[in-house]
Amino acid sequence: AKLVIVHAIAEKTIPAELQRMVEIEHLIDPVDAGDPAKVAQALVRKVLDEAAADAGQRLGREVVTHLETGDAANVILRAIEREAADLVVMGSRGLGEIKGLLQGSVSHKIAQLAPCPCLTVK
């Protein structure tokens with residue numbers, strides 16, 4: 001089986017420290033360094049590529065990565081359909097009681113809407 005790693009970038013500002021790291025590590029063309037969306041993509045792409053290489057080596061399996069901008073639950077649900085996933089494994093990260101009650105968590109939405117089994121890991 002292949003492993004698919006999905007990451008959704010929310011439209012938020014990038015901390016100055018991370019933006020500087022992207023510039024120092026030459027992860028982005030200097031022309032694009034002022035664009036928070038491109039900085040975020042460069043940073044996340046590096047993390048995804050490293051995760052895929054490590055997982056592929058350890059598991060001896062094909063690893064595919066998807067990086068999209070948008071609502072995390074929607075991005076993940078689209079990837080589940082596109083890849084015809086047999087199982088979804090997600091981490092859980094609390095937003096806090098009030099925010100979690102009002103918005104619902106990504107893992108909860110995926111567990112309710114995914115057409116396949118879901119495993120949430122703490």
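Here is a short chat about the predicted model shown above.

Student: Ok, what does the secondary structure of the protein chain come to?
Tutor: Five helices and four strands, going by this predicted model.

Student: And how do the elements run from the N terminus on?
Tutor: The order is β-α-α-β-α-β-α-α-β.

Student: Switching to cysteines: how many disulfides does the count come to?
Tutor: Zero disulfides turn up in the count.

Student: Is Cys116 buried or exposed?
Tutor: Cys116 is buried, since its relative accessible area is 12% and the cut-off for buried is under 20%.

Student: What does Cys118 count as, then?
Tutor: Partly exposed, because Cys118 has 28% relative accessibility.

Student: Zooming out, what share of the protein chain do buried residues make up?
Tutor: They account for 25% of its 122 residues.

Student: How about the accessible surface, what does that come to?
Tutor: About 8400 Å² for the protein chain, and carbon and sulfur atoms hold 55% of that.

Student: Last one, on contacts between residues at least 6 apart in sequence: what percentage join residues at least 24 apart?
Tutor: In the protein chain, 64% of those contacts do.

Note on methods. Residues numbered from 1 in each chain as written. Predicted model: local features only at pLDDT ≥ 70, side-chain atom pairs only at ≥ 80, totals over all residues. Heavy atoms only, no water. Disulfide = S-S within 2.5 Å. Buried < 20%, exposed > 50% of the residue type's maximum accessible area, 1.4 Å probe, protein only. Helix = DSSP H or I, 4+ residues; strand = E, 2+ residues; numbered from the N terminus. Contact = heavy atoms within 4.5 Å. Areas by Shrake-Rupley, 256 points an atom, 1.4 Å probe, with all protein chains shown as cover.
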